[in-house]
Amino acid sequence: MSKYNFIKMQKKLSKYLDEERYAHTLGVMYTCAALAMAYGYDLEAAQAAGLLHDCAKCISGEKKLELCKQYKVSVSDFEKHHSFLLHAKLGACIAREKYGIEDPEVLSAITYHTTGRREMSLLEKILYIADYIEPMRDKAKNLSKIRALAFQDLDECIYEILKDTLEYLKQNPQDIDETTKIAFLYYKELHDKRREGGVK
Ligand code: FE
Ligand code: FE
């Protein structure tokens, strides 16, 4: 018996997302499943994280702030001015309150899917990567390299994504989140260490 009713969750979610976001969501869900197969993670939990990761994405900035207040989610000044970031934290709340998700690993993967963080858990890495490489994505550079890397080396893949993301954000430095910078430095150090040590 499945722990999650995916059909029911999908039906509900499709009412809250626009067509494009919903298609992206399904891509992320199946990519999470594929990565979970490759790295031996619970398939259902991975798919639940993928399915619900953007559940708060189509809510207006104003409404997001209102809901954060309601759910007692702390909002930093930076997030107040970059309210798109809030869809991650708020999404985790909605996944818990409205979709009945209790698994803390699923909830934290949703919370960190936009910024990443240092020392990510396996599911946090799977979702972060799946969001970047799902089949509908076509804008980022190096996508085919990063897609191949995703199935070879998770930490190296995270490093490449964070590097490209920060480089992309350099065009608007005022929009760079501190958590992403900290995450990048952590995975860069890991990357450099492995290169020095010749550890593969
Ligand atoms: Fe997102
Ligand atoms: Fe997404």
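Entry 1: I sorted the lining of the largest pocket and got 10 nonpolar, eight polar and 15 charged residues. I counted Ala, Val, Leu, Ile, Met, Phe, Trp, Tyr, Cys and Pro as nonpolar, Asp, Glu, Lys and Arg as charged, and the others, Gly among them, as polar. The model is predicted: local features need pLDDT of at least 70 and side-chain atom pairs 80 or more, while totals for chains, interfaces and linings use all residues. Residues are numbered from 1 along each chain as its sequence is written, ligands are numbered from 1 in the order in which they are written, and side-chain values use heavy atoms, without hydrogens and water.

**Entry 2: the iron site.** I looked up the protein donors (N, O and S atoms within 2.8 Å of the metal, or 3.2 Å for Na, K and Ca; water is not among the atoms, so sites may look incomplete). For the iron ion (ligand 2) I found His-24 (NE2), His-53 (NE2), Asp-54 (OD) and Asp-131 (OD), lying 2.2 to 2.3 Å from it. I noted that Asp-54 bridges this ion and the iron ion (ligand 1), the two ions lying 3.4 Å apart.

**Entry 3: burial.** I checked His-53 and read 0% relative accessibility, so it counts as buried; buried means under 20% relative accessible area, exposed over 50%, partly exposed in between (1.4 Å probe, protein chains only). His-24 is buried too, at 5%. I then turned to Lys-125, which is buried with 14%.

**Entry 4: contacts.** I listed what Lys-125 touches, leaving out residues up to four places away in sequence: Met-120, Leu-154, Asp-155, Ile-158 and Tyr-187. Contact here means heavy atoms within 4.5 Å.
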